[in-house]
Amino acid sequence: METNLYRFIFKYSLKEQLFLLLVTGASFPFLYYSYDLPKMIVNQAINGKNFPKDLFGMPFDQIPYLFLLCGLFLILVCVNGGFKFYINISQGRLGERMLRRLRYELYARILRFPLPQFKKVSQGELIPMITAECEPIGGFIGEAINGSVFQFGQLVTVIVFLFVQDWKLGLAATALYPFQGWIIPRLQKKVNQLNKERVRTVRKLSERIGESVSGATEIHAHNAARHKLSEFSDRLATIFDIRFDIYNRKFFVKFLNNFISQLTPFFFFMIGGYLVINGEMSSGALIGALIAYKDMSAPWKELLTYYQQKEDVRIKYEQVVEQFVPAGAMAQDIQLAEPEIIPPLNGDLVASNVGLTEDGKVAILDGVSFSFPLDEHVAIVGPAGGGKDALGMMIARLIAPTAGQLSLAGQDSSQLPEAVTGRRLAYVGPAAYAFSATLGENILLGLMHRPTKPANYEDAADRRWRKRRAESDITGNSTDDIAADWIDYAAAAVKDRAELTARLIQALHQVDLEEDVYQLGLRGTINPERRPEVANRILEARTALRDRLAEPAYKALIEHFDEAAFNQNGTVAENLLFGTPIGDVFDIERLADNAYVRAILDKIGLTEDLIGVGREIARTMVELFADLPPGHAFFAQYNFIGSDDLPEFQAVLKRAERAGIAGLMPEDRQRLLSLPFKLSLARHRLGLIDARMQVRLLEARRAFAENMPTELRRHVALFERSGYNAASTIQDNILFGKLAYGQAQAAQRVGDLIAETLRQVGLRDAVVEAGLDFQVGVAGARLSAPQRQKIGIARCLLRRPDVLIVNEATALLDSAAQVHILDNLRQEQADRGLVWVLHRASQARDFKRILVVKGGRVVQQGTFDIVNSEGSTFAELLAKE
Amino acid sequence: MSLNEEVELLRAIPLFAKIEPAKLKLLAFTSERLTYEADQVLFNQGDMGDAAYIVMDGEAAVLINAPQGRIEVARFKRGDIVGEMAILCDVPRTATVQAVGNLTTLRVSKDLFFHLVTEFPQMAIEIMRELAHRVERMNIQLREAVIKARN
């Protein structure tokens, strides 16, 4: 990577910069004439004599002559504007391209950092470097050369013009330039140093913010907020001091410049005026000179700004880049090389005198030597901190030895491209990471090394993609299409997507995750238009389940949805909509102020009655909850009214006492009306909605569906006995009803029935598939840590690695799952290699070879019986468990 | 059964006799009414306790795991409170409780239970009395068992 900004600019944009220079150079003659022409207009056309004049062999009178010159002037204005427009756009594009290249290069470098580097730099530092700190660099690069030349050329043009007019005037205008050119770099130097310091401090600041986000739990748990706030404030104070100092100096430079440029007109008027009065110079020339001078101060000022900006950006660039060239970074070839064929790894894994030291001081591994066939099952055990996990990572080629050599099938492992190590080997560590994508995509990550099938584009999309690819090519970016199919089906030994899904589900079984994904699937949705056959079979399951639920043992558990009956276990809102809201137009919290709902209620004549019910609910809630302290858990759990709103409702009740419901203000009525929608007859048992009102609510339900305007239809998916409801979860689609209130273990019993029914109709896998579409959240936050581990393991399994390296990856799981997964993986890798760094020595019993690592050395190796000798390290480890 | 009917039922139980109806309504409203069929289990011995149960209707059997299988040691009837020990002392359930025939209970969560006990000392005394009765009963059973074992 170029450590010098200008070298970076020349290396990647010399041609474009030169072209821009040419265009800029071509624009100068026009610029010059646009300064000259006003003088001609004043001196020859307005104040001129001896008309008609001959021009291009044609005679011109005074007025046509004036018009001709003015017309020429107009053309020049247009030409100059056009040049400027074109140059600006070209510069902007060039800047964007260079910025893109720089960012891409920096990001690519992060991907090649040696892993230990991530212990030293935090994301808090890296992120602003690539995002915010790069931004001004890009803007600057566009005009790095051309901008300065343009401003400079403009200045020279003006100066030449001035000297041509009168050398004394020219001298007057430029007299102070040498002084400025001497003093300003001197002042700027100190500002540069301050800028460097500012960049460093701001980086530390973002690091601190990142840290506080990650450590939020600790800060709360130890009441450390005050300390953190003080620390942050201290850093902000440092930044403030630096910035203030910068402002002082920067604006002093500005002040000096302004002062000097204001001084020049002083000379101008004095000397120019003197010359005109003495008749040594025409007044037209003075006006021309004045206009030229006005135009001169602008480029001069910009030239100075440019200089300041250049210094600023140069420092930013250098400071960013130096963070991205750590020692031991992986070569680009090793990361991205794509060998023609990647043969399976056959042979031995040989470590000869391998050592690893951190920062050149602390020895983590020292003189480690061993050799075993790659298809053997090997356990690595040892006390924590003894170097076993480093050894595991080293075998997976995630860290490089600092001494000795590790060879894989006869090749130096540090020279193998990632295309080999990352496909033939698989590694899962103690804290597998889940990316913000679906659960399925997270597992498939193990198969996505390169695009395997291009995406199909139609006309416009194809043109767009070609254009984008060409642009990526120009900027040295990746030209791989992210929309292509990236899945390496061959690695998973499957033919197509369908087989892959089957394999995925099998892997879920192997890592004990299938049940979890099934549960996620039940709570997920499917798109019936894209998966009509699944939707149809879910409807079959609905019928089958309905038959089962009719059996006496289950009869009381579910109350089905029925167009003609009021659902006692559903809320009033559900009964009224008889469907699932999509988005928040018909959200239960907002039903009372939905105009259409209000119109329907008015039409059926239910509004007053429901407000009355709302008043009763409010009364009961005030009676029950008024004595509870605010914020008591019951408010959230049981109440219709939050503790904050309770006093408000007390007031509404008082007003209703005085004026009656009809006399209330609209907003009070709306408040009361919002309550009954949340009422569930069976659960709340308030007895407020009698059979007659239920009948009228059914009437409202019908009216709601029949009269709904077209534009509202997309906001609610109505329940249909024989139709799939795309807005509801799979589980709700199968149930098509509400769990009955108060039946012991109803949820569990119904859950078991659903599972049984789905198995019978062969739909379980389809539900699991829907579960694979579950979005796991940022860093997999919506999953538990054991679930993330299992995903990490499944990711490895899918591509059938020659050697699977498991680094304490199951330590987090419960012991049943640990044993289960250990067995499954041993079986799956039966004829391939398995290296398992175990956190418990007893689990090593069935491994053919055991390496005992302690104090950075392999102290024992052999079978279980050999290493488990009296007084040995292994026996000690075993005894401690 | 509506809330008001439940309140009437609760008032008939000695434990709650001296508590004002509004508070009983809160108890009824915030508790879950659960119905069980014969042989369904309320909770198992060894589970962690998160709620107490008030028997509203029907009967529940108290079973203890013993080497020779489960032994029934007591029955709870309408108005009895079950499972308060585990939530009072934060110990695992000391016995399994199972519905004998159809059973209706009011499930009182731990939070609510403590709220009521702290707010109504009368209720705390009633619970103490109930627990003392149980200890006395157990002492008698223990005495009989010891005598039987000596013979």
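These legends accompany several close-up views of a predicted model.

**View 1. The domains of chain A.** Domain 1 of chain A covers 5–322, and domain 4 covers 580–718.

**View 2. The largest nonpolar core and a second one.** The largest nonpolar core contains 178 residues, and A:I380, A:V381, A:A794 and A:I805 have the most contacts inside it. Helix α20 of chain A (residues 607–625) contributes the most to this core, with 8 residues.

**View 3. The surroundings of A:I805.** Zoom in on one of the residues with the most contacts inside the largest core, A:I805. Leaving aside residues up to four places away in sequence, A:I805 touches A:G392, A:I395 and A:A396, then A:L425, A:A426 and A:Y427, and also A:V835.

**View 4. Helix α3 of chain A and its bend.** Helix α3 of chain A has 20 residues (123–142), so at 1.5 Å a residue it should span 28 Å; the end C-alpha atoms are 29 Å apart, in agreement with that. At A:C134 the helix α3(A) bends by about 45 degrees, and the proline A:P136 follows within four residues. Buried residues of α3(A) include A:L126, A:P128 and A:M129, as well as A:C134 itself.

**View 5. Where chain A meets chain B.** In this contact, 12 residues of chain A face 15 residues of chain B. On the chain A side, α20 and α21 (633–638) each supply at least two residues, and α21(A) gives the most, with 3. By class, this side of chain A has 6 nonpolar, 4 polar and 2 charged residues.

**View 6. Two residues with positive phi in chain A.** A:R397 sits in the loop between α11 (388–395) and β6 (403–408) of chain A. Its phi is near 60 degrees, a positive value in a residue other than glycine. A:R397 counts as buried because 22 other C-beta atoms lie within 10 Å. A:A409 is found in the loop between β6 and β7 (411–412) of chain A. Phi of A:A409 is near 50 degrees, again positive in a residue other than glycine. With 20 other C-beta atoms within 10 Å, A:A409 is buried too.

Technical notes: Residues numbered from 1 in each chain as written. Chains lettered and ligands numbered in written order. Predicted model: local features only at pLDDT ≥ 70, side-chain atom pairs only at ≥ 80, totals over all residues. Core = buried A, V, L, I, M, F, W, Y, C linked by C-beta atoms within 7 Å. Buried ≥ 20, exposed ≤ 12 C-beta atoms within 10 Å, placed from the backbone. Contact = placed C-beta atoms within 7 Å. Domains from an automatic or database assignment. Expected span 1.5 Å × (residues − 1). Bend = angle between axes of the 7 residues up to and from the residue. Nonpolar A, V, L, I, M, F, W, Y, C, P; charged D, E, K, R; others polar.
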